[in-house]
Amino acid sequence: MKLTVNGEEQAVSATTLAALLAELDYEPDFLATALNGELVPAIARAECALHDGDRIEILAPMQGG
């Protein structure tokens, strides 16, 4: 399936948002996620189905100043 993840098109095998985070080696504890512009809470990621062409944003906090 082809998704746009953080503005870049990627081919993935994941069918849920939780599976996508695992496939892309993200640590899910410290992330904010959105699907097609809608915030997806961490508790809902396992049930959040992905479809070809979806837009995913994954945001992680950064340290520094």
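Residues are numbered from 1 along each chain as its sequence is written, and side-chain values use heavy atoms, with hydrogens and water left out. Because the model is predicted, local features require pLDDT of at least 70 and side-chain atom pairs count only at pLDDT 80 or more, whereas totals for chains, interfaces and linings use all residues.

The largest nonpolar core comprises 14 residues, where such a core is a set of buried Ala, Val, Leu, Ile, Met, Phe, Trp, Tyr and Cys residues joined through side-chain atoms within 4.5 Å, and buried denotes under 20% relative accessible area, exposed over 50% and partly exposed the range in between, for a 1.4 Å probe and protein chains only. Within this core, Leu3, Leu20 and Ile56 touch the most other members. At least two core residues are supplied by each of β1 (2-5), α1 (17-23) and β5 (55-59), and the largest share, three residues, comes from α1; helices (H or I, at least four residues) and strands (E, at least two) are DSSP runs numbered from the N terminus. In soluble globular proteins, nonpolar side chains tend to be buried together.

Contacts, defined by heavy atoms within 4.5 Å, were examined with neighbours within four places in sequence set aside. On this basis Leu3 is in contact with Glu8, Glu9, Gln10, Val12, Leu20, Leu50, His51, Gly53, Asp54 and Ile56. Thr4, which lies in strand β1, is partly exposed, with a relative accessible area of 25%, and touches Glu9, Asp54, Arg55 and Ile56. The C-alpha atoms of Thr4 and Asp54 are 6.3 Å apart in space, although the two are 50 residues apart in sequence.

Thr16 is placed in the loop between β2 (8-11) and α1, where the side chain of Thr16 reaches the backbone nitrogen of Ala19 at 3.1 Å. Beyond residues up to four places away in sequence, Thr16 touches Arg45, Ala46, Cys48, Ala49 and Leu50.

Strand pairing, which requires that DSSP find at least two bridges between two strands, links β3 (residues 32-35) with β5 in the antiparallel sense over four bridges, and the bridge partner of Ala32 in β5 is Leu59. Strand β3 also pairs in the antiparallel sense with β4 (residues 38-40), over three bridges, with Ala34 standing opposite Leu39 in β4. The hairpin of β3 and β4 has two residues between the strands, and in this hairpin Asn36 takes a positive phi near 50°.

Methods
Polar contact = N/O pair within 3.5 Å; in protein donor to acceptor, adjacent residues only side chain to side chain.
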